[in-house]
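Please look through the sequence and the model shown here before reading on. The briefing that follows goes topic by topic, starting with a single residue.

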Amino acid sequence: MNLRYGLQARFLASMALALLVVLSLMLLLWSRQTQMQSEVENVTRDGMERIASAGLRRHGEGMVTQLSESLANPLYYFDLDAIGVLSRSTLNQPGIRYVLVYDADGNILHDGSEEIPSYGKRMDDAMAGPAIAAPQLLTQFSEDLMDVASPVLIGNERIGGVRVGFDLRGLRNDQDAAVGELRTRLNELGRRQLLWVVVLSASLLGLGVVMLSLIQRFLVRPIRQLADAAHAIELGHFEAVRTPASRRNDEVGDLLRAFSRMSTSVARHDREIRRMAYTDALTSLANRLAFRETLDERLLQMQGAGRQLALLFADIDDFKRVNDTLGHDAGDEVLLQFAQRIRDSVKRIGGEGAALARFGGDEFVILVEPDAQGGRDAREVASRLAEALVSELGQPITVHDRQVFLGTSIGITLFPQDASGANALMKNGDIAMYQAKVAGKNCYRFYSRAMDQAVERRVHLEHELRGAWDRGELSLVYQPVFRVSDNTLVGAEALLRWQHPEHGMIAPSVFIDVAEQSGLIETLGPQVLRAACEDAVRWAAYRVGSDPLFVSVNVSPRQLRSGDLPQIVAKVLRDTGLNPKHLHLELTETAVLGDESLASVMLSQLRTTGVQVWLDDFGTGFSGLSHLRRVPIDGVKIDRSFVADILRDPDDLALTTAIIAMAHSLGIIVIAEGVEREGQYDLLRERDCDLAQGYLLGHPLPLADFMALLR
């Protein structure tokens, strides 16, 4: 028998280890059994002692209580014969060590004996003092004695007392006998358990010997044959694997025959796994891993060769809106169409050395090299490709019978000008793409080192913005809103301002965007809303008897998407006491129309509280007035870009006039913002515009100045 350290040797070692474990467990069990036996004895002794003591105490206290009641009349009339009869009858009961009847001063009157040798003596033992002074039944214990004392009363007057001593030695002798019997039974049980453990250990050893011979015959030899075949598969020689033929009609025979089929299947799956590891499952483009290997290889080839290449990072603008409004299936369809458009553009402009990959989500990365035949360097090739992508991807996409307008933001970085390593290049491309989004989206930007500084400044600005409200750096100003027909002040728009202690006044367009992108707007928004409502309550108290003014507060798209905006508004109105009809909420057109289903639910909930909803910057989004029928709003604010040119641009005047007329036909009021000239105001009045605001009518004012304006 071959006893190398294979399966047989391991099985023998396992059996030996099992025996050692069993022996160890036996010793541990024996030790634990002895310990448990001792614990059981102690617990049993303690339990018996508590039970017996409690029973004895109840019996003794009942006996002494009855005796004290029986001694009341004899003790009152000082009838020593009657006292003696009661004392002796109690003393003669089993387990009674003494009976002492004493007067109110603790002097012994009777001890149950015939001669009463202790008559007249004062009790001076350790338990006497508490017994004499006890106003009611008192039980005391010593090592082998329980003393129960009770006062003897005539009415409420104490005339003496009685003490009975109960002997505990008999009780403890009974306990010791019971514990001894328990110990004998536990020892017998332990011996029987040990015998069974020994029998099981011997059976285990015999079973191991039988199993060892069976393993050698039916498992070890076939497994060695399979190991050789598996080694060939491990080396990748799938086609060369030859498993031994077997006529066995059992599981091992099935395993031997399955090995040959498995080698073919493994070879096929190996090829498929390699393809999946380097390919994006949705678009069939190269994935991040494959692109990174390609980039590393290209950079290695170009080191020291003086050649260039460019990386383009393309990210779809507002892609989340497609998933949120149309579903993820529609989002996948959009990605497929975008991937095909990018693939076509790269093939047409990028050249033979171009590589395209999808990094996941809505981000695509393209590598291009200089066009030697056309005489264009990598920068020029990247510029032409980026322009083509911006134009091509800006075209509408039809998904589920709906047209979707998106676009793409592209960041471009160059090798070796911007960086010489793959990690740095990819970071730079990401930064440039982010700057393209900041610049307004649907455009491209080349990386520059200034962008790193801009990112650092933005991170620093975000850090400074956290806590700015608590530090008192953020405040509200109010721009008056007038009714156009009679030039009457009807309300004000609350605008947030940031007075930085070092950088001075920071433009709202800067820090509001930071707050929106970082999520801080979800904290700042409710704070601004509460402060504006509190100030509006002050206006109402100041203008008693006059028409109340409304306050309009801007709400960000992120607040609308959070889903709890109606609850926040309702709580602020309750806390501040502002009449809901004096609060107007302004939301941008893209925020409302980007997800009409969610917006309709949120706005309906808001309007049930009495709050009015206005659509801000109307005319700058991707939708028209026809969409207003599907979302519940009360007013639209014509964007300042249209109002600014109505005096010299007939198209803007015509569009503004159409907006006013169509909005009125839907029962929606119209507010013009950015009114800075008399001519603009006159034209708006002629077109029946409802409300207006702008520098002509009033600049944004701090609260104190706005209150002065009300005066």
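Gln140 is buried, because its relative accessible area is 14%, where buried means under 20%, exposed over 50% and partly exposed in between, computed with a 1.4 Å probe and protein chains only. The model is predicted, so that local features need pLDDT of at least 70 and side-chain atom pairs count only at pLDDT 80 or more, while totals for chains, interfaces and linings use all residues. Residues are numbered from 1 along each chain as its sequence is written, and side-chain values use heavy atoms, with hydrogens and water left out.

**Surroundings of Gln140**
- Gln140 is found in strand β3 (residues 138-141), strands being DSSP runs of E with at least two residues and helices runs of H or I with at least four, numbered from the N terminus.
- A polar atom of the Gln140 side chain lies 3.1 Å from the backbone oxygen of Met127.

**Strand β19 and its neighbours**
- Strand β19 (residues 635-638) is covered on both faces, with Gly635 and Lys637 buried on one side and Val636 and Ile638 buried on the other.
- In a regular strand the side chains alternate between the two faces of the sheet.
- Strand β18 (residues 612-618) runs parallel to β19 and is joined to it by three bridges, two strands being paired if DSSP finds at least two bridges between them.
- Within this pairing, Trp614 has Gly635 of β19 as its bridge partner.
- Strand β20 (residues 669-673) also pairs with β19 in the parallel sense, over four bridges, and there Ala672 stands opposite Ile638.

**Salt bridges**
- The count comes to 28 salt bridges, each being a side-chain nitrogen of Lys or Arg within 4 Å of a carboxyl oxygen of Asp or Glu.
- Asp280 and Arg358 form a salt bridge in which the closest N and O atoms are 3.1 Å apart; Asp280 lies in the loop between α6 (251-277) and α7 (288-302) and Arg358 in strand β7 (residues 355-360), so the pair ties together parts that are 78 residues apart in sequence.
- Both residues of this pair, Asp280 and Arg358, are buried.
- Lys571 and Asp575 meet through their side chains in a salt bridge of 2.9 Å, N to O, and they are separated by about one helical turn because they are four residues apart in helix α16 (residues 565-576).
- A network of salt bridges links Arg97, Asp144, Asp167 and Arg169.

**Cysteines**
- Zero disulfides are found in a search of the whole structure, a disulfide being a pair of cysteine sulfur atoms within 2.5 Å.
- Cys533 counts as buried because its relative accessibility is 0%.

Methods:
Polar contact = N/O pair within 3.5 Å; in protein donor to acceptor, adjacent residues only side chain to side chain.
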